[in-house]
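Please have a look at the sequence and the structure first.

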Amino acid sequence: MNTIRVAELFAGVGGFRLALDGYRDPEHPEFNMPAAGPYDTIWANQWEPPGTKARQFAARCYETHWPNGTLVNRDIAEVMDLAEEDPRVIPDCDLAVGGFPCQDYSVAKPLSQAGGIEGHKGVLWWEIYRFLSLKEPRFVLLENVDRLLKSPASQRGRDFAIMLSCFASLGYSVEWRVVNSAEYGAPQRRKRVYIFAQLDAPKWQLRERLVTDGVLAEALPIKPELERQVEFDISKDAFEMTRAFGKGDKVSAFRTAGVMQDCRVYSANVTEDYNGPRRTLGDVLVPESEVPEEFFIPADKLEKWEYLKGSKKEERTNKKTGFTYHYSEGSMAFPDLPENPSRTILTGEGGAGASRFKHVVKCESGRYRRLVPDELDQLQCFPKGWTNTGMSDGHRAFCMGNALVVEIPHAIGKTLARRIANGTV
């Protein structure tokens with residue numbers, strides 16, 4: 001195929017499109033990025049509940065960069081209802097991509113609130129399933145939090161087993177990998193699972209596909225030594241996976257990498273094998289003179305920040321029940337060290353309030369400050385100022401907390417494009 005037609009689900013501010021299509025704008029050369037291959041995103045969907053105009057800031061950012069009418073800013077469930085009546089509502093594509101909403105799996109929530117695939121946004125997996133059933137793209141590339149491989153807590157690994165079951169029922173073979181972006185040179189330690197699927201793939205040798213032969217193995221090399229290898233079968237019946245998979249297991253059967261073909265799963269823990277350049281938090285920091293005053297932490301607020309970042313062993317009482325318990329947590333670096341890759345950006349990175357999870361850096365003047373949105377853009381490997389499209393600083397931080405590290409799907413896209421051109425997928 002000369003052009004690889006892409007459909008982007010849950011598009012956010014366009015991370016997959018930027019990674020694959022690249023970006024060219026003579027009026028804004030600071031945003032220009034190379035394409036991963038002959039990709040052309042012909043359709044995209046982005047919608048933020050509850051659907052109010054004020055909540056569509058990510059869609060407006062997307063349309064600012066690609067004002068060509070390819071973005072549908074409408075609830076994906078409504079779009080799929082229309083497409084099932086008339087498939088022409090969504091154009092045919094070769095590759096479907098998406099970083100589907102992950103709040104129900106996210107480590108930012110207490111485990112007791114991790115609803116898994118039955119949770120409020122976990123159900124959006126079924127919209128992806130509907131899309132794949134209807135449009136049958138040859139390839140799929142998805143991104144989610146790594147907790148997906150072991151959720152829910154009551155039935156470890158069930159959610160991912162359901163997804164693999166769905167893929168198998170549609171004729172897809174699957175590779176997956178938990179990727180720490182800093183281990184492949186990015187300036188952020190962000191762990192996310194990437195899922196690559198291929199329709200009607202030729203026969204795979206499962207171990208070789210995982211270690212050397214797979215698209216993910218070529219794009220993101222790993223060492224040949226594997227740990228905790230497992231091999232087992234899943235069912236094409238998603239209800240069976242819902243009912244039985246992971247029952248009574250203390251840990252998930254799924255490791256940090258794996259492959260599935262014809263319902264046979266091979267999985268293992270792997271180690272990255274990367275020798276290229278590496279970047280750090282310090283590489284994206286803007287000069288102190290460019291930081292607005294509101295991002296500096298007042299001296300009288302530092303004590304609260306230090307407390308929240310520090311280790312704790314203290315007695316606490318539940319205000320509703322009166323139950324007294326002992327609470328403990330470890331310390332975090334304060335301030336964040338510029339010589340290391342940053343910690344994972346969360347959606348709550350914006351706002352001036354003290355927080356355990358927000359990043360804080362110390363300036364040459366000795367003052368402490370939060371990260372500005374331009375720095376958050378760059379920690380996700382977007383161009384500096386990508387989200388500066390009229391939204392608030394808090395919304396810019398929210399968008400980056402939900403985004404992906406652009407360089408990871410860019411690397412995967414380059415490998416896939418080369419293999420398609422060579423006929424070696």
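Predicted model: local features only at pLDDT ≥ 70, side-chain atom pairs only at ≥ 80, totals over all residues.

Residues are numbered from 1 along each chain as its sequence is written, and side-chain values use heavy atoms, with hydrogens and water left out.

The chain holds 12 helices and 14 strands, where helices (H or I, at least four residues) and strands (E, at least two) are DSSP runs numbered from the N terminus. With a radius of gyration of 22 Å, close to the 22 Å that the globule rule gives for 425 residues, the chain is as compact as a globular protein of that length; the radius is taken over C-alpha atoms, and the rule is 2.2 Å times the number of residues to the power 0.38. Along the principal axes, the C-alpha atoms fill a box of roughly 65 × 60 × 45 Å.

Let me turn to the helix pair. The axes of α4 (residues 125-135) and α5 (residues 158-169) come within 11 Å and cross at roughly 10°; axes here are lines fitted to C-alpha atoms, for helices over the stretch in contact, and angles run from 0 to 180 degrees between N-to-C directions. The helices α4 and α5 are therefore roughly parallel to each other, a label given to angles under 35 degrees, with over 145 counting as roughly antiparallel, 65 to 115 as roughly perpendicular and the rest as oblique. From α4, Trp125, Trp126, Tyr129 and Leu132 meet Ile162, Met163, Cys166, Phe167 and Ser169 of α5, contact meaning heavy atoms within 4.5 Å. By class, this contact of α4 with α5 has eight nonpolar residues, one polar and no charged, where Ala, Val, Leu, Ile, Met, Phe, Trp, Tyr, Cys and Pro count as nonpolar, Asp, Glu, Lys and Arg as charged, and the others, Gly among them, as polar.

Now, where is empty space left? Rolling a probe the size of a water molecule over the atoms shows this. On a 1 Å grid over the protein atoms alone, a cavity is a set of points where a 1.4 Å probe fits but cannot get out, a pocket is an open set with protein on both sides within 12 Å along at least five of seven lines, and lining residues have an atom within 4 Å of a point. Grid points are joined across faces, edges and corners, and a volume is the space filled by probe spheres set on the points.

The second largest pocket has about 420 Å³ of space. Its lining has 20 residues, of which Val178, Phe254, Arg255, Thr256 and Asn269 lie nearest the centre, and strand β6 (residues 172-180) gives the most, with four residues. The lining of this second largest pocket divides into seven nonpolar, five polar and eight charged residues.

How many cavities of 30 Å³ or more does a search of the whole structure find? There are two, and the largest cavity has about 50 Å³ of space. Residues lining the largest cavity include Glu175, Trp176, Arg177, Arg209 and Leu210, and the lining divides into six nonpolar, one polar and three charged.

Finally, the backbone. Most residues other than glycine have a negative phi, and most peptide bonds are trans. A cis peptide bond, however, joins Ser151 and Pro152, with omega about -5°, and Pro152 lies in the loop between β5 (139-145) and α5. The bond from Phe334 to Pro335 is also cis, with omega near 0°. Arg228, in strand β8 (residues 227-233), has a positive phi of about 55° although it is not a glycine.
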